[in-house]
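Here is a short report on one protein model.

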Amino acid sequence: MRAARLSVGIVVAAAAGVGTLAGWASAAPPAWVPPAPAGAASSSPDGGVGTHAAAVLPSPLIFPAQTIPLRFDHARHLRLGVGCDVCHVAAMTSTSAVDNLIPAEAACRACHEIDRTQPAKVPSDGGPATRCDACHVAGDGAGWMPPARNKLAEPPRVQLPRPNIKFNHRLHVSRGVGCELCHANVRLEGLATRADLPRMSLCLGCHDGKQATSRCGACHLTEPDGRLKTALASPASAALGPAGAGKLVPSGVLRGFDAHGPTFARDHAQAGRDEGYCLSCHKRSECVDCHGGAVRPFDIHPSDYVSLHGSDARRNTPDCSSCHRAQSFCVGCHQRAGVAPDATGGVPGVQARNPFGTGTQLKSFHPPGWVGDGGAGQSGHAQQARRNLRTCVSCHREESCLSCHSADPTRGMGVSPHGPGFAGTARCRALSSRNRRACLKCHALGAPAIDCEN
């Protein structure tokens, strides 16, 4: 029910209208009201944003970009008593979202004295406008008039790409669903565009499995095997940006936790408990390939995860072992990188002397001089630790730092990480007042340095 082509870019009357069909029945020709200033309700050939460009548009995969080179004011016509079914007669019997429900010129002639041989005709008795540029718009947004040498030239035409949705207007009309329920904004709009189409959240108000079916395939296109068709991208949809170039995925509107965001591959356990829901789009083999196979998608972990995974591994080893084998994967990588108790792979007679416990200089994760100032103009570990300590703690524990930086001579070498004169600075006082427990990791209780005294 996401698609009601009725209001997709309606040319001359309301986009499937506002108000119930009975309430907007046919009426006698109304008294004329002067048109809005030129451009007040001009079309938008870049996707049909129309009179409210700030609106949140529906998915471009469902409703691709449109071109609507027209001026029209639905609200004015509705105020004059022109009901939806006056112009959109075909909507009452339409059974497909691809039906063309835009009124033809003949519907306009009921009120407008259109004469193609007189493009600039002035209406008689001050009636409704009859000039071509009163309704038609050129590519530059200005009113369109045929060239003098060819008065019968055709104006720019509305282009509405095929929507990727199913919808049956006749069924909804037969059940008493009025136009205004799905197209409420048209009462306040000028030109109706794809921005005025119903959203899925509105459809779910009725399609809850009780009042109306909640089966996804009732509205969405399906493959021959019954799964939803997700490859809907087209040149028309891609014209609306990156969202129109990918695949159709759940937005989270239906269940709240099923939105296929960047971390969904990692956090989809809750949604995956309903296997039938997943199988409405996915093949069972897709689940087995990941959950039972040896190769996982690369996007399960975020970028640079190898430098941050230590914290997760210490916190929840079972999560890692569900995909990785400790001996063949974890130990092998740690030995190759030199980040292991025996980084040389068990070479007899080799003793690790690196104070950070990452192996010997023969096979070390960090370059020579890393513990000091870096050597040869390279940055040492101090600069990297200040830049992003999270990368350090993914491998190292607090004891690694205290082996050098503790002020207690029985625990470390007393190397100050603060630099000379730090005790008397404002930064020292700020850190001490904020969290003195951090200071006590290195300094003894009652030591002058705790109170920022030299």
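## Terms and basis

A residue is buried under 20% relative accessible area, exposed over 50%, and partly exposed in between (1.4 Å probe, protein chains only). By that scale Phe-298 is exposed, at 83% relative accessible area.

The model is predicted: local features need pLDDT of at least 70, side-chain atom pairs count only at pLDDT 80 or more, and totals for chains, interfaces and linings use all residues. Residues are numbered from 1 along each chain as its sequence is written, and side-chain values use heavy atoms, with hydrogens and water left out.

## Overall make-up

The protein has 19 helices and zero strands. Both are DSSP runs, numbered from the N terminus: helices are H or I with at least four residues, strands are E with at least two.

Of the 454 residues, 33% count as buried. A contact means heavy atoms within 4.5 Å. Among contacts between residues at least 6 apart in sequence, 65% join residues at least 24 apart.

## Nonpolar cores

A nonpolar core is a set of buried Ala, Val, Leu, Ile, Met, Phe, Trp, Tyr and Cys residues joined through side-chain atoms within 4.5 Å. The largest one holds 10 residues: Leu-61, Ile-62, Phe-63, Ala-97, Ile-165, Phe-167, Leu-197, Cys-219, Leu-232 and Leu-248. A second, separate core has six residues, including Ile-68, Leu-70, Phe-72 and Leu-191.

## Salt bridges

A salt bridge is a side-chain nitrogen of Lys or Arg within 4 Å of a carboxyl oxygen of Asp or Glu. The whole structure contains 13 of them. One joins Arg-109 and Glu-105 at 2.5 Å, N to O. These two residues are four apart in helix α3 (residues 105-109), so about one helical turn separates them. Arg-109 is partly exposed at 40% relative accessibility. Glu-105 is partly exposed too, at 26%.

Arg-131 bridges to Asp-133, with the closest N and O atoms 2.9 Å apart. Arg-131 is partly exposed, at 36%. Glu-180 and Arg-187 meet at 3.6 Å, N to O. Glu-180 has 32% relative accessibility and Arg-187 has 38%; each counts as partly exposed. Shared partners also link salt bridges into one network of Glu-105, Arg-109, Arg-116, Glu-154 and Arg-157.

## Aromatic rings

A charge does sit over a ring. Arg-255 lies over the face of Tyr-277, 3.9 Å from the ring centre. The criterion is NZ of Lys or CZ of Arg within 6 Å of the ring centre and within 35 degrees of the ring normal.

## Two loop residues

Val-253 lies in the loop between α7 (235-238) and α8 (264-267). At 40% relative accessibility, Val-253 is partly exposed. Leaving out residues up to four places away in sequence, Val-253 touches Ser-201, Leu-204 and Asp-258. Its C-alpha atom is 7.5 Å from that of Met-200, 53 residues apart along the chain.

Phe-298 is in the loop between α11 (284-291) and α12 (309-315). The C-alpha atoms of Phe-298 and Ala-265 are 10.0 Å apart, across 33 residues of chain.
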